[in-house]
Amino acid sequence: SLPPRLASGREAVLGREPAGEVPVLELEGGGVLAQSNAIIQYLAEGSSLLPTEPYARGQVNEMLFWEQHSHEPYVAECRFVMRYLGKPAAAREDWRVARGDAALDYMDGLLAGRSWLAAGQFTVADIALLAYTRLAPEGGFELAGRESLVAWIGRCEAILGLENGASLDRSEDTRLNSSHVVSSYAVFCLKKKKTKTPHHHT
């Protein structure tokens, strides 16, 4: 059967999703889901990417909420300024840069004692945070020196089959959060393949 349809252009979803946000997942039964982290959880349901044990799932959600409030607004926005607006690093807001660096430092510290971000295994939390973390240098952030973070990026890329840091983001549409669109597809494909995700020490 065909996968759910993931609409990625704003004009494609107006009239389907009241807020006109992208990406939007259109389901066979007519349902519509917006918000990338809601989409990836829906697609991962029933797989090891989304634990069923309450505490483990709570840990995954903790990282997903953190990504939206303490990572994406800083790392992704700085990347937007440099990549899509074509401005130099100096054009970034200092406070946003500081919070972006703090987010990357937090991840590096967290991963110093574990292989994955939550629940002791590769989950949607890793996929969601991989998207903009691996592209952070495009926003003027340094990954060098954050050894645990760099190693985690490599582990995630190996599972997702991303070769030599190949970009998740192929679109020049500045309105499209395409890193999260592809993250959603990654969850769907992994679930369909019934991938056995590795477990490591927490």
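**A friendly note on this predicted model**

1. Let's start with the whole chain. Of its 202 residues, 48% count as buried. Keep in mind as you look around that this is a predicted model. The secondary structure comes to 7 helices and 3 strands. Among contacts between residues at least 6 apart in sequence, 67% join residues at least 24 apart.

2. Next, a word on confidence. The protein chain averages a pLDDT of 82, and 72% of the residues score at least 70. Where is confidence lowest, and where is it highest? The lowest mean, 49, belongs to helix 1 (residues 10-13), while helix 4 has the highest, at 98. Please also look at residues 169-177, where pLDDT stays under 50. For that stretch the model has 21 contacts beyond four places in sequence.

3. Helix 4 deserves a careful look. It covers residues 94-111, which makes 18 residues. From its first C-alpha to its last it reaches 26 Å, close to the 26 Å expected at 1.5 Å a residue. Its buried residues are R96, V97, G100, A103, L104, M107, D108, L110 and L111.

4. What do the buried residues of helix 4 pack against? Their partners are helix 3 (54-84), helix 5 (124-133) and helix 6 (147-160). Let's take the pairing with helix 6 as our example. Two packed helices are described by the angle between their axes and the distance between the axes. For helix 4 and helix 6, the axes come within 7 Å and cross at roughly 80 degrees. An angle of 65 to 115 degrees counts as roughly perpendicular, and helix 4 and helix 6 are therefore roughly perpendicular to each other. On the helix 4 side, the contact is made by L104, M107, D108 and L111; on the helix 6 side, it is made by E147, S148, L149 and W152.

5. Now find R146, in the loop between helix 5 and helix 6. Is R146 buried or exposed? Buried means under 20% relative accessible area, so R146, at 9% relative accessibility, counts as buried. Leaving aside residues up to four places away in sequence, R146 touches D101, L104, D105 and D108.

6. Most residues other than glycine have a negative phi, and most peptide bonds are trans. Q35, however, has a positive phi, near 70 degrees. Q35 is found in the loop between strand 3 (32-34) and helix 2 (36-44), and it is partly exposed, with a relative accessible area of 43%. A119 also has a positive phi, near 65 degrees. You will find A119 in the loop between helix 4 and helix 5.

7. Finally, the cysteines. A disulfide is a covalent bond between the sulfur atoms of two cysteines. How many disulfides does the structure hold? The count is 0. C78 is buried, with a relative accessible area of 1%, and C156 is buried as well, with a relative accessible area of 1%.

Technical notes: Residues are numbered from 1 along each chain as its sequence is written. This is a predicted model: local features need pLDDT of at least 70, side-chain atom pairs count only at pLDDT 80 or more; totals for chains, interfaces and linings use all residues. Side-chain values use heavy atoms; hydrogens and water are left out. A disulfide is a pair of cysteine sulfur atoms within 2.5 Å. Buried means under 20% relative accessible area, exposed over 50%, partly exposed in between (1.4 Å probe, protein chains only). Helices (H or I, at least four residues) and strands (E, at least two) are DSSP runs, numbered from the N terminus. The expected span of a helix is 1.5 Å times one less than its number of residues. Contact means heavy atoms within 4.5 Å. pLDDT is the predictor's confidence in each residue, from 0 to 100. Axes are lines fitted to C-alpha atoms, for helices over the stretch in contact, and angles run from 0 to 180 degrees between N-to-C directions. Angles under 35 degrees count as roughly parallel, over 145 as roughly antiparallel, 65 to 115 as roughly perpendicular and the rest as oblique.
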